[in-house]
Amino acid sequence: MPTDTQNTPTACLALADGTLFYGRGFGATGETVAELCFNTAMTGYQEIMTDPSYAGQVVTFTFPHIGNTGVTPEDDETADPVAAGMVVKWDPTEPSSWRSTDTLSNWLASRGRIAIGGVDTRRLTRAIRQQGAPHVALAHDPDGNFDTAALVAKARAFSGLEGLDLAKEVTCAQSYRWDEMRWAWPDGYTRQENAQHKVVAIDFGAKRNILRCLASAGCDVTVLPATATAEEVLAHNPDGVFLSNGPGDPAATGEYAVPMIKGVLEADLPVFGICLGHQMLALALGAKTVKMNHGHHGANHPVKDNDTGKVEITSMNHGFAVDSQTLPDGVLETHISLFDGSNCGIRLSDKPVFSVQHHPEASPGPQDSFYLFKKFADQMAARA
């Protein structure tokens, strides 16, 4: 392939069905293989790329202005990007934000993440919606040399996320304490110095802002790895247990997480779960999960609270869902998606145990769902 023209593609996205998308590469060079999803959020690309729930996925952004506010360490949801790569419509421009410390391209390159710009993301999004989340290979080569047959073969060889336990890959290596609260003007991030509730958070791929919301709700948070046992959790003598978000197939993670959750439930403690934690709780209670066609990924998802009739604008990121038809007696469906009616929340009828599929910490409303953290704190206070 010639390399002396300005229009030579420097990146290629190959779908398992043989479809090829060419564009301009930025970020790191090389290749990656993953599941492809799309995200409809207009802001928060850095938070999305560092959300551990995106492990094993390349993210297509439907909003074209990606990279225009640069990056800042304050917005990282974990230490490094976890999503395998990104696909955008327009090449990132020079950042225009007083908070920016680097460009998106430099940030991705320094962290080994590949990106492609100049792609018809509308066409790609339609394909995902109609055919389901495809397996893809994404390559970035500044010289524009691509073995497309090999890329398609690698995409076809990808095992997919079903049956894959990714929580073990993104969880913390050891326990740690967390006391940083939500960002607020003009002080930024401050520390919780008057915690009222002792919480153990199980890290299936926890976002930092979830931990901040717990701290802001008055919690003294101890984070444990995903593989923690019920005995290890209860040894901390918590007032409540939090089950975090995370990636992969909940049924696979449930092999070790479900026994832990069942042990915690027997201890009669308040329990709160988000995203994968919601799915883990449902499995522990006897329900089942299913793989969705293309999942829910965005910051504009309307969710109805069945208990109050309130509609919340929420952030979502999940490719699996709890099958509401399998909820056993005593487990009530509290929230549903107004896009497709899928389950978005459950609670026990006789215990302070509840969970939601959406991300209340992501502030798309922007404060529609913060009450969930207060609800958790109130439940612990009621049992003090």
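These are my notebook entries on what I looked up in this predicted model.

**Ground rules**

I number residues from 1 along each chain as its sequence is written, and my side-chain values use heavy atoms, with hydrogens and water left out. Since the model is predicted, local features need pLDDT of at least 70 and side-chain atom pairs count only at pLDDT 80 or more, while totals for chains, interfaces and linings use all residues.

**Entry: salt bridges**

I began with charged pairs. How many salt bridges does a search of the whole structure find? The search gives 13, a salt bridge being a side-chain nitrogen of Lys or Arg within 4 Å of a carboxyl oxygen of Asp or Glu.

I looked up Glu-74 and found its salt bridge with Arg-99, where the closest N and O atoms are 3.0 Å apart. Glu-74 sits in the loop between S4 and S5 and Arg-99 in the loop between S5 and H2, so this pair ties together parts 25 residues apart in sequence. (Helices, H or I of at least four residues, and strands, E of at least two, are DSSP runs numbered from the N terminus.)

Next I saw that Arg-99 also meets Asp-75 in a salt bridge, at 2.9 Å from N to O. Asp-75 lies in the loop between S4 and S5, and its pairing with Arg-99 in the loop between S5 and H2 ties together parts 24 residues apart in sequence.

Glu-74, at 32%, counts as partly exposed, and Arg-99 is partly exposed at 23%. (Buried means under 20% relative accessible area, exposed over 50%, and partly exposed in between, with a 1.4 Å probe and protein chains only.)

I then turned to Lys-207, which forms a salt bridge with Glu-361, the closest N and O atoms being 2.8 Å apart. Lys-207 is in the loop between S9 and helix H6 (208-216) and Glu-361 in the loop between S17 and H10, so the pair ties together parts 154 residues apart in sequence. Lys-207 counts as buried at 6% relative accessibility, and Glu-361 counts as buried at 1%.

**Entry: helix H9 and its ends**

I checked helix H9 (residues 276-284) and found 9 of its 9 residues buried, so the helix is largely enclosed by the rest of the structure. Among the buried residues of H9 are His-278, Gln-279 and Met-280.

Cys-275 is in the loop between strand S12 (271-274) and H9. Its phi is positive, about 60°, although Cys-275 is not a glycine, and at 2% relative accessibility Cys-275 counts as buried. H9 is followed by Gly-286, whose phi is also positive, near 110°.

**Entry: other backbone details**

Asn-237 has a positive phi near 50°, and this residue is not a glycine either. I placed Asn-237 in the loop between helix H7 (230-234) and strand S11 (240-243), where Asn-237 is exposed with a relative accessible area of 60%.

Where are the cis peptide bonds I noted? One runs from Trp-185 to Pro-186, with omega near 0°, and Pro-186 is in the loop between strand S8 (176-178) and strand S9 (197-203). Another joins Gly-365 and Pro-366, with omega about 10°, and Pro-366 is in the loop between strand S17 (353-356) and helix H10 (371-382).

**Entry: a contact across the sequence**

Last, I looked up Thr-148 in helix H4 (residues 148-157). Thr-148 and Leu-20 are 128 residues apart in sequence but 8.0 Å apart in space, C-alpha to C-alpha. Thr-148 is partly exposed, with a relative accessible area of 25%.
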